[in-house]
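Take a look at it first, then read on.

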Amino acid sequence: MDEMFGANGIRDSYKNFVSAIEDLPAQEMTHKDEMAKKLFMSQGITFTVYNSGEGIEKIFPFDVIPRIITSSEWQEVEAGIKQRLKALNIFLKDIYHRQFVVHDGIVPAELIYSCPNF
């Protein structure tokens, strides 16, 4: 099972998409993938990997087959993002003010103070 297929076949949220691409030859999908990668590179949708002192520019990983997320699935993702954002903001406020996480031994002080962006 994966995003597109469930135990009972194609998931409802993917049925329209599958019907739109099911007659495309494999070489057409490969061509679309290659064109998308060229577009990403030409538009600067990239990041740099530094390996052995060399900066290698790569495109962001993606798939020409989209991940279709239903409303109910998105609500769960959204709730998780909001929860983590709240936790991160609380952590940052603490680090830059009272530093309970440092005083309680949860985060070593040297980890915070050695960060050049602190």
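Predicted model: local features only at pLDDT ≥ 70, side-chain atom pairs only at ≥ 80, totals over all residues.

## Layout along the chain

What pattern does the protein chain follow, read along the sequence? The order is β-β-α-α-β-β-α-α-α.

## Overall shape

Now for the dimensions. The C-alpha trace of the protein chain spans about 60 × 40 × 20 Å along its principal axes. Its radius of gyration is 22 Å, while a compact globule of 118 residues would have one near 13 Å.

How do the contacts run? Take those between residues at least 6 apart in sequence: 26% of them join residues at least 24 apart.

## Surface and charge

The protein chain exposes about 9700 Å², and carbon and sulfur atoms supply 56% of that area. On the inside, buried residues make up 15% of the 118 residues.

As for charge, the protein chain carries 12 positive and 17 negative charges.

## The nonpolar core

Which residues form the largest nonpolar core? There are five of them: Ile95, Val101, Val102, Val107 and Ile112.

Let's zoom in on one member, valine 101. Setting aside its neighbours within four places in sequence, valine 101 is in contact with Phe91, Asp94, Ile95, Ile106 and Val107. Of these partners, Ile95 and Val107 also belong to that core.

How values were computed. Residues numbered from 1 in each chain as written. Heavy atoms only, no water. Helix = DSSP H or I, 4+ residues; strand = E, 2+ residues; numbered from the N terminus. Rg over C-alpha atoms; globule rule 2.2 N^0.38 Å. Buried < 20%, exposed > 50% of the residue type's maximum accessible area, 1.4 Å probe, protein only. Contact = heavy atoms within 4.5 Å. Areas by Shrake-Rupley, 256 points an atom, 1.4 Å probe, with all protein chains shown as cover. Lys, Arg positive; Asp, Glu negative; His and termini not counted. Charge placed at Lys NZ, Arg CZ, Asp CG, Glu CD. Core = buried A, V, L, I, M, F, W, Y, C linked by side-chain atoms within 4.5 Å.
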